[in-house]
Amino acid sequence: MFLGTHTPRLDDKGRLALPARFRPELEGGLVICKGQDRCLYVFSVTEFDRFTEALRQAPITDVKVRNYGRHLFAGASHEAPDSQGRITIPPHLRDYAGLSKDCAVIGANTRLEVWDAEAWQQYLSSTEQDYADVAEEVLPGLF
């Protein structure tokens with residue numbers, strides 16, 4: 001499980017140092033792809049396989065399924081951390097997420113999300129009240 005918020009910097013070669021606590025789970029390889037809200041998703045290869053299995057089960061005759069799959073797979077990149085725990089984020093994915101030097105890497109349960117640090121702060125500010133308001137809907141009976 002990935003938890004927490006970390007603030008690494010993107011270097012001039014488009015590399016991002018993964019937080020040390022996440023490296024063991026990702027050392028066998030990972031997949032970076034477009035996420036929702038203009039962030040990037042980072043999955044272990046095993047988790048990406050599990051995630052995409054659900055897509056494989058969806059009917060290919062559904063235009064929404066086809067469109068989602070095209071965007072997901074066409075933009076995805078298989079990467080492996082280097083000896084210093086850095087991953088290279090391809091230019092098209094950096095552009096998609098608007099990544100600058102300062103990034104936010106957040107744990108999101110089964111995946112990491114990579115955000116431009118300023119975009120992450122704006123997202124938090126704009127959704128804070130929603131987080132409080134929907135707790136009962138998302139997790140009925142726990143609050």
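This is a predicted model: local features need pLDDT of at least 70, side-chain atom pairs count only at pLDDT 80 or more; totals for chains, interfaces and linings use all residues.
Which residues gather in a patch of negative charge on the surface?

1. **The negative patch.** The residues in question are Asp130, Asp133, Glu136 and Glu137, which gather on the surface as a patch of negative charge. Two elements, α5 (117–133) and α6 (135–138), each give two or more residues to the negative patch. Asp133, for one, belongs to helix α5.

2. **Strand β4, an enclosed strand.** If you turn to residues 40–44, you will find strand β4, where five of the five residues are buried, so the strand is largely enclosed by the rest of the structure. In a regular strand, side chains alternate between the two faces of the sheet. Here both faces are covered. Leu40, Val42 and Ser44 are buried on one side, while Tyr41 and Phe43 are buried on the other.

3. **The neighbours of β4.** β4 runs antiparallel to β3, and five bridges join the two. β4 also pairs with strand β8 (residues 111–116), again in the antiparallel sense, over three bridges.

4. **The hairpin of β3 and β4.** Five residues sit between the two strands of this hairpin. Among the details to look at is Asp37, which takes a positive phi near 65°.

5. Glu27 is found in the loop between α1 (23–26) and β3 (30–34). Is Glu27 buried or exposed? Its relative accessible area is 62%, so Glu27 counts as exposed. For a sense of distance, take Ala17, ten residues from Glu27 along the chain: the C-alpha atoms of the two are separated by 12 Å.

6. As for accessibility, Asp12 has a relative value of 72% and so counts as exposed. Lys101, at 35%, counts as partly exposed.

7. **A salt bridge within a helix.** Arg56 and Glu53 form another salt bridge, with their closest N and O atoms 2.6 Å apart. Both residues lie in helix α2 (residues 45–57), and the three residues of separation are about one turn of the helix. Arg56 is exposed, because its relative accessible area is 53% and the cut-off for exposed is over 50%. Glu53 has a relative accessible area of 33%, so Glu53 is partly exposed.

8. **A salt bridge with a buried partner.** Finally, have a look at Glu113 and Arg111, whose side chains meet in a salt bridge of 2.6 Å, N to O. How much relative accessible area does Glu113 have? The value is 9%, and buried means under 20%, so Glu113 is buried.

Conventions. Residues are numbered from 1 along each chain as its sequence is written. Side-chain values use heavy atoms; hydrogens and water are left out. Helices (H or I, at least four residues) and strands (E, at least two) are DSSP runs, numbered from the N terminus. Buried means under 20% relative accessible area, exposed over 50%, partly exposed in between (1.4 Å probe, protein chains only). Patches are made of residues with over 30% relative accessible area and no salt bridge: like charges are joined within 9 Å, nonpolar side chains (Val, Leu, Ile, Met, Phe, Trp, Tyr) within 5 Å. Accessible areas come from the Shrake-Rupley method with a 1.4 Å probe; for residues, only the protein chains shown count as cover. A salt bridge is a side-chain nitrogen of Lys or Arg within 4 Å of a carboxyl oxygen of Asp or Glu. Lys and Arg count as positive and Asp and Glu as negative; His and the chain ends are not counted. The place of a charge is taken as NZ of Lys, CZ of Arg, CG of Asp or CD of Glu. Two strands pair if DSSP finds at least two bridges between them.
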